[in-house]
Amino acid sequence: MSTENFKIQIRKGLLEFCVLQIVSNKEVYASEIIEELKNSEIIVVEGTVYPLLSRLKKFNYIQHNWKESTQGPPRKYYSITDFGLEHLKELIVSWSDINSSVKKLLKIKK
Amino acid sequence: MKKTFTISLGHSIFNVEEDAYEILKMYLDSIKNYFQKMENDSEIISDFELRIAENFSSKVSSNKSCIDLKDVKQVIEIMGSLDDFKEIYNDVEYEQEEEKKTDNKLYRDSSNRIIAGVCSGIAEYFKIDPIIVRVLFFIAVPLNLIVYIIFWIGIPSKDFDPDLRKILYRDKENGIIGGVAKGLSNYLKIDANIIRVVFTISLFFGGAGLLFYLLLWFFTKEAKTIGEKMNMSGFNVNLSNIEDFIKKKTKNLNSPENTITKVFLFPFRLLAPLINALLKIGIFVLKTIFFMFSSIFIVFISVLLLIFSTISFKDISPEQDPEFYGSFELFNAIPDYFAIFSVIFLLLTIIISVIISFYVLFKKKSNSYFFLFLIFLWIAFLILIMISLPNIILNMQDLNLLPNWINGNYSFIWKWNDGIMLNKNN
């Protein structure tokens, strides 16, 4: 298992969590989500986000509506649903659980 | 100087240079192919297009009004290739692959079909080329027609992944007459001219090559989409292959033919427009003949329907028209239920033949489930009529109502195991 593979696996697992987190703060459109994910180096290519957004929507975690923009065609703005918010809370809990246990493990090694 | 295409992408209009357009189209096609297989969701693709459009608009300015190859390459880099998506979504892919392995059932192949995909489905099942099954089916046509229809009705259809196998297509773009030789050359990886020479030589030995050529022409599809074109030459559709493919294609265009090839191909190039024109005329003539026959048939059935429905529901007494007494009584002897069956049967015949002739003449497709339903109804009424017919004929014979030429020479006999039989009187 190479480092690269490890990174991919981690990113893959966390992508859904990160997207939900970004969407939960405010109504955002796809490019903003991509921008934030890119800044935090979660994703490398933009194309990976669209299938995920569509899947999240299928599970009714997020919703979208069209808004006119000052430049160019109307944009799709995504926001989180109540159901999605609940899901996100569960994800946060499990994330901090995993995080703390991994941290514990690392401390033991030191 | 380059040609440009005007495209509409994500509700915006862009001018794209030709080479850039080809790459962009292949990229979008490959993405479409991939995500349709995965999520069956057209929304992902429209999201992609919207985002690409955003990127393009930032690249266009007042002193650069069209999108070139560099822009497209940059955008593809930003958006990512199929391999990138596969990394993230490989779990979904695994599921699909497993399904493919365990799912070894017979389906009709809706992704590569000429009529209903029966032959192609069988070929997929046995992992052979569809053309073999098609030709076999064609050779034994009267029997296999029934088999074909049974398979059509009985087997569900399924979209097979066209990337996974090599299919024989006609390559009309690079071909000379119908693209059969070029298609074969792509398939067998032999130079097209060798195949052309073989075809030409075989013309002088009883014309077997001509027959073979025509058979292949009828039983193969023309490669039209980029995916099919790549498939034809044994490429898998993914991004790196797309670029290779384009490079190869442009290189091929530039390489000049040598003199021998030119001399050899000259008569064919000369003949090609003639043959194509003859074919078009032939198809037109066939369609016209079909139109005439089908309309005569439909009119005939309609007249039959009209006569039958007006006469058979009336009770006509002999006093009204003694001259036709015999024939009217014949109609009176037809029970009402049989008249109803016949009228519905004739109506269905008319509707079905109208639908079929529309399909053949104008390629207008009707709802296939509706059509199947009609066919089932038609068969059901045919069976009803067949069941009730013997009794009615026997009844008519008892009443001495059958026309004289039958009554004098023949008699009907009902046998429980053979049905109705016509016996010649001695």
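User: In chain B, what share of the contacts between residues at least 6 apart in sequence join residues at least 24 apart?

Analyst: That share is 59%. Keep in mind that this is a predicted model. Chain B has 18 helices and eight strands, and 39% of its 426 residues count as buried.

User: What makes the link between the side chains of Thr349(B) and Trp378(B) a polar contact?

Analyst: A polar contact needs a pair of N or O atoms within 3.5 Å. For these two side chains the distance is 3.0 Å, so the pair falls within the 3.5 Å limit.

User: How do you know which side of helix 7 of chain B the buried residues are on?

Analyst: Start with the list: in this helix, residues 130–139, the buried ones are Pro130(B), Ile131(B), Val133(B), Arg134(B) and Phe137(B). They cover an arc of only 160° around the axis, so they lie on the same side of helix 7. On the other side, Leu136(B) and Ile139(B) are exposed.

User: Why is the pair of Tyr50(A) and Phe48(B) called tilted?

Analyst: Their ring centres are 5.3 Å apart, and pairing needs centres within 6.5 Å, so they pair. Tyr50(A) belongs to helix 3 of chain A and Phe48(B) to helix 2 of chain B, so the pair joins two chains. Both Tyr50(A) and Phe48(B) are buried.

User: What makes Tyr337(B) and Phe341(B) an edge-to-face pair?

Analyst: Edge-to-face asks for planes over 60 degrees apart, and here the angle is 75°, with 5.8 Å from centre to centre. Both residues lie in helix 16 of chain B, four residues apart, about one turn of the helix.

User: Why do Tyr337(B) and Phe341(B) get their burial labels?

Analyst: Tyr337(B) has 41% relative accessibility, which is between 20% and 50%, so Tyr337(B) counts as partly exposed. Phe341(B) has 18%, under the 20% cut-off, so Phe341(B) counts as buried.

Notes:
Residues numbered from 1 in each chain as written. Chains lettered and ligands numbered in written order. Predicted model: local features only at pLDDT ≥ 70, side-chain atom pairs only at ≥ 80, totals over all residues. Heavy atoms only, no water. Polar contact = N/O pair within 3.5 Å; in protein donor to acceptor, adjacent residues only side chain to side chain. Buried < 20%, exposed > 50% of the residue type's maximum accessible area, 1.4 Å probe, protein only. Contact = heavy atoms within 4.5 Å. Arc of directions from axis to C-beta. Phe/Tyr/Trp six-rings, centres within 6.5 Å; stacked < 30°, edge-to-face > 60°.
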